[in-house]
Amino acid sequence: MGELLRRILEECEGRFVSGQEIGRRLGTSRAAVWKQVQGLRRRGFGIEGARGAGYRLLGRPDLIEEPELFSLLSHREFWKSFLFFPVTDSTNTRAMELAGKGAAHATVVCADAQTSGRGRLGRKWESPPGLNLYLSLLLRPPVDPLRAPQFTLVTAVALAAAVEEVSGLRATLKWPNDLYLDGRKAAGILAEMSADPDRLRHVVIGVGLNVNAEPSAFPEELREKATSLKGLAGRTFRRVEVLARFLDSFAECYGAFLSGGFKSLLSDWNRRDVLSGKRVLLRHGGEEVRGRVLGVDESGRLLFRREGASRLEKVASGEILEFER
Ligand code: BTN
């Protein structure tokens with residue numbers, strides 16, 4: 001309902017079209033046209049109506065719709081399915097459920113808002129409507145389950161490249177799953193998987209990227225620590241464009257990872273690494289230890305030296321609780 005009217009108004013690119021002309025093209029009365037105009041306005045379209053001139057489109061809501069998304073993709077062939085929810089509890093939960101029901105490799109689950117967005121370590125992920133990107137990628141990669149944690153880093157590299165391309169900002173990465181802009185977190189990644197001892201059944205990679213959220217509207221405890229693309233670039237982004245750049249970038253990084261391992265993305269990681277050379281507090285294997293980070297190895301493991309120790313540890317999974325700025 002209203003789609004044809006929307007197309008007519010979009011075709012006219014902000015010029016007035018008379019109610020009579022629209023009615024003729026829709027095959028309806030002028031009263032019915034008016035009803036459809038009201039419907040589009042309720043969905044967030046800005047439509048001016050002027051007696052004698054008709055209607056014209058002033059603005060569109062920032063929608064994420066499959067036809068436009070696919071028209072913007074360069075690697076259309078990679079992505080097999082796209083599911084969009086105006087609101088859901090968590091796109092990771094939806095994607096894990098779909099994976100259990102046999103959904104295809106390279107399925108994207110995206111939502112305008114989440115009611116129970118999840119972060120790492122049981123944290124909540126703020127997911128208000130209309131502003132940001134919340135999505136989960138469902139993959140069935142032909143790799144050993146031991147390599148599954150590397151997908152978080154592959155995704156981080158892909159996201160950083162996309163963010164830089166759309167915004168012109170410089171993105172940095174904090175092992176294993178955070179993207180920073182100017183010292184504040186703008187995105188997080190939450191990977192979950194299902195595996196047999198020797199076979200990875202599927203991995204779901206959840207990405208939350210603050211796009212147009214106003215940092216001043218963040219909850220108090222996040223205000224100093226978090227930001228968004230808009231917060232730094234000072235302009236609004238169309239989410240579908242950011243999403244398309246990320247999905248293209250991910251398809252490229254995934255291909256490089258399958259053919260050459262994380263090694264082929266290591267230099268892209270290294271030049272954005274915020275932790276290398278820094279003193280940190282690491283939570284790993286049930287303990288919290290202080291030490292220095294010396295980078296990341298070719299398998300995406302954190303190279304870490306405990307305070308007072310000479311041995312270098314290679315940490316496959318963990319969390320950095322504090323780091324030197
Ligand atoms: C973190 O930094 O702790 C990870 C945050 C991951 C948030 C995303 S939003 C889309 C997907 N669905 C979720 O419930 N979480 C991830």
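Visitor: What makes up the shell around the ligand, by class of residue?
Guide: The shell has six nonpolar, 11 polar and four charged residues, where Asp, Glu, Lys and Arg count as charged, Ala, Val, Leu, Ile, Met, Phe, Trp, Tyr, Cys and Pro as nonpolar, and the others, Gly among them, as polar. This is a predicted model, in which local features need pLDDT of at least 70 and side-chain atom pairs pLDDT 80 or more, whereas totals for chains, interfaces and linings use all residues. Residues are numbered from 1 along each chain as its sequence is written, and side-chain values use heavy atoms, without hydrogens and water.

Visitor: Which residues come nearest to the ligand?
Guide: Of the 21 residues around the ligand (a heavy atom within 4 Å), Ser-90, Gln-114, Arg-118, Arg-120 and Lys-185 come nearest.

Visitor: Which pocket does the ligand take up, and what is its volume?
Guide: The ligand takes the space of the largest pocket, with more than half of a molecule's atoms required within 2 Å of the grid points. A pocket is an open set of points on a 1 Å grid over the protein atoms alone, where a 1.4 Å probe fits, with protein on both sides within 12 Å along at least five of seven lines, and lining residues have an atom within 4 Å of a point. About 990 Å³ of space lies in this pocket, and 43 residues line it.

Definitions and conventions:
Grid points are joined across faces, edges and corners, and a volume is the space filled by probe spheres set on the points.
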